[in-house]
Amino acid sequence: MASKSVLTPQAEDFPRWYQDVVAKAEMADNGPVRGTMVIRPYGYAIWERMQAEMDARIKEAGAQNAYFPLFIPESYFHREAEHVEGFSPELAVVTHAGGAQLAEPIVVRPTSETVIGEFMAKWIQSYRDLPLLLNQWSNVVRWELRPRLFLRSSEFLWQEGHTAHATYDDAAAYAKRIHLEVYNDFLVNVLAAPTYLGIKPPSERFAGAINTMTAEGIMRDGKALQMATSHELGQNFARAFDVYYQSEAGQAELCFTTSWGASTRLVGGLIMLHGDDNGLVVPPRLAPIQVVVLAVRDEPDVNEACEKVATALKAAGVRVAVDHGRGSFGRRITDWEIKGVPLRVEVGPRDLAEGRVTIVRRDDAQKSAVALDAVAAIAPGLLESVQAAMFESARRRLEESTHDVTTIHEALDVAQTGFARLAWSAVGDEGEALLRTEAVTVRCLLRPDGSIPVSDTEAGLHCIVAKSY
RNA sequence: CGGGCUGUAGCGCAGCUUGGUAGCGCGCUGCGUUCGGGACGCAGAGGUCCCGGGUUCAAAUCCCGGCAGCCCGACCA
């Protein structure tokens, strides 16, 4: 009867806890090839919810979905010097196909700036064709040296947006719009993930970008995770792929491009941001299953009441699952807790005799007795309050884990367990080098009021320094 | 690519020192009893002991050579 913990406690061994959650919540398995990942139905359902929420916001921002090939000619990568230098070490390259060696090796895309640049050049003729706003949902391959499920797999799923604009200002404004209206809106309102929004220092920029925006979240072990990123590519890729347009004045002008992405890494972020010693905790607006209706006993009366509650919840727009399977009640509770379903409705003969059921919140384990007929009316509001409480508690953790310091050495100290915030001018190249000796990096630069700078050369910038995934 | 470690049932491991019938826990199958916080009994299924070679009457065990994986660093959505 007595339950010992199913998962390794976070405080004992955080990485082990993470692996336990991924396995026991049936989210993913390691694939047969090193670093690859099999995403199981529950993990994929969560990703599909992320996709749906982000896709709607991307379309709202005016971008259209398209699809470009997995295979890219190797020569494309050599057209942008920084890009090839940055990505070469992690490319998977096809040298043989159809039983023969290929004349030119084919790269399995690590990202698609190059191939999309090639086609932008074809499609853009006039200023009337701009801006061109594209997005694709795809898989990409990066041969990482130390893979971890969801956080850093050799192959991962993501969306990558690619846009072309007539002016620098228009490109910069669009990249920022995506960062705020797609990513931050999703992170705050769906994932309940507070982050620091800022720009990367030059050393951490995307290979080929002139400016990279990031959203840096804090995980429960105090490490940072980049949750999404938006790049201003300037004219670098446009120049490499001849993306010109004819202006109103009839002149040939080079476009300005952007790219931006969010990946299945967010699933790993979800686990480490909200998860506790009992498993995953999924924010209600994200959850593929928002409420599980649980029969205490597998008996006709109880099952009938479960179906009734579930039907009412569905009618109220709630995503619901019913569990009147066999097996002990305790075991089934534990399983649903590990999966992080926000609300559990327990239906048992004892409560039922009084016309009641018990509702249990996943986030704080609070139980309340509710009239059978009132569940559907109460649940939506309760889900919203769980959502709000989860964001608030994550926001407080972020705030309490961030410490203002003045020197690099203090920053190093703080970064062992959390985030250090200090003047960017106090860091410099030597400071960054020193931080690196302890696996600490500058996560982002931001203005004192927390807003996103235009460039790293702005005066008076702060920076966030931490260990990261 | 440097340093440390490990390959035995689906998963986690013992057995190896001292060679001799392949084991334990969890999981899985069947039946029964259970079910308000990981239930229990009984009966079962499941193995190229990472691969190749050597020593030996006999190798999971000893020797040689491969291969794979994990952890720590450099890289990274």
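**Figure 1. Backbone around A192 in the predicted model.** In this predicted model, A192 is placed in the loop between α6 (168-189) and β9. The phi angle of A192 is near 55 degrees, a positive value in a residue other than glycine. A192 is buried, with a relative accessible area of 0%.

Figure 2. F150 belongs to the loop between β7 and β8 (155-165). Its phi is near 70 degrees, positive although F150 is not a glycine. The relative accessible area of F150 is 2%, and the residue is therefore buried. P131 is found in the loop between α5 and β7 (132-141). The peptide bond leading from L130 to P131 is cis, with omega near -5 degrees.

**Figure 3. The aromatic pair of Y76 and F241.** Eleven aromatic pairs are present in the structure. In one of them, the ring centres of Y76 and F241 are 5.7 Å apart and the planes stand at 65 degrees; because an angle over 60 degrees counts as edge-to-face, the pair is assigned to that class. Y76 is buried at a relative accessible area of 11%, and F241 is buried at 2%. The charged end of R79 sits over the ring of Y76, 4.6 Å from the ring centre.

**Figure 4. The aromatic pair of Y196 and F419.** Y196 and F419 form a tilted aromatic pair, with 6.0 Å from centre to centre and 40 degrees between the planes. Y196 lies in strand β9 (residues 196-199) and F419 in strand β21 (residues 419-423), so the pair ties together parts that are 223 residues apart in sequence. Y196 counts as buried at 12% relative accessibility, and F419 is buried at 0%.

**Figure 5. Further aromatic contacts.** One aromatic cluster is formed by F68, F119 and W123. Elsewhere, K339 lies over the face of Y42, at 5.6 Å from the ring centre.

**Figure 6. The salt bridge between E216 and R443.** The search of the whole structure finds 29 salt bridges. One of these joins the side chains of E216 and R443, with an N to O distance of 3.0 Å. Since E216 lies in strand β10 (residues 211-218) and R443 in strand β22, the pair ties together parts that are 227 residues apart in sequence. E216 is buried at 0% relative accessibility, and R443 is buried at 5%.

Figure 7. The side chains of R362 and D276 meet in a salt bridge of 2.8 Å, N to O. R362 is in the loop between β18 (356-361) and β19 (367-371), and D276 is in the loop between α8 and β15 (291-295), so the pair ties together parts that are 86 residues apart in sequence. R362 and D276 are both buried.

Figure 8. D20 and R16 both belong to helix α1 (residues 14-24), where they are four residues apart, about one turn of the helix. An α-helix has 3.6 residues a turn, so residues three or four places apart point the same way. The side chains of D20 and R16 meet in a salt bridge of 3.8 Å, N to O. D20 is buried at 14% relative accessibility, whereas R16 is partly exposed at 45%.

**Figure 9. Helix α8 and its buried residues.** Helix α8 (residues 265-274) is mostly covered, with nine of its ten residues buried. The buried residues are L266, V267, G268, G269, L270, I271, M272, L273 and H274.

**Figure 10. The polar contact of S112 with Q136.** S112 lies in the loop between β6 (100-108) and α5 (113-123). At 0% relative accessibility, S112 is buried. Its side chain makes a polar contact of 3.2 Å with the side chain of Q136.

**Figure 11. A nonpolar surface patch that includes V454.** Y168, I210 and V454 make a nonpolar surface patch of about 230 Å². V454 is found in the loop between β22 (440-446) and β23 (462-467). With 47% relative accessibility, V454 counts as partly exposed.

Key: Residues are numbered from 1 along each chain as its sequence is written. Chains are lettered from A and ligands numbered from 1 in the order in which they are written. This is a predicted model: local features need pLDDT of at least 70, side-chain atom pairs count only at pLDDT 80 or more; totals for chains, interfaces and linings use all residues. Side-chain values use heavy atoms; hydrogens and water are left out. Patches are made of residues with over 30% relative accessible area and no salt bridge: like charges are joined within 9 Å, nonpolar side chains (Val, Leu, Ile, Met, Phe, Trp, Tyr) within 5 Å. Accessible areas come from the Shrake-Rupley method with a 1.4 Å probe; for residues, only the protein chains shown count as cover. A salt bridge is a side-chain nitrogen of Lys or Arg within 4 Å of a carboxyl oxygen of Asp or Glu. Helices (H or I, at least four residues) and strands (E, at least two) are DSSP runs, numbered from the N terminus. Buried means under 20% relative accessible area, exposed over 50%, partly exposed in between (1.4 Å probe, protein chains only). Rings of Phe, Tyr and Trp (its six-membered ring) pair if their centres lie within 6.5 Å; planes under 30 degrees apart count as stacked, over 60 as edge-to-face and the rest as tilted. A charge sits over a ring if NZ of Lys or CZ of Arg is within 6 Å of the ring centre and within 35 degrees of the ring normal. A polar contact is a pair of N or O atoms within 3.5 Å; within protein, one must be able to donate a hydrogen and the other to accept it, and residues adjacent in sequence count only if both atoms are side-chain atoms.
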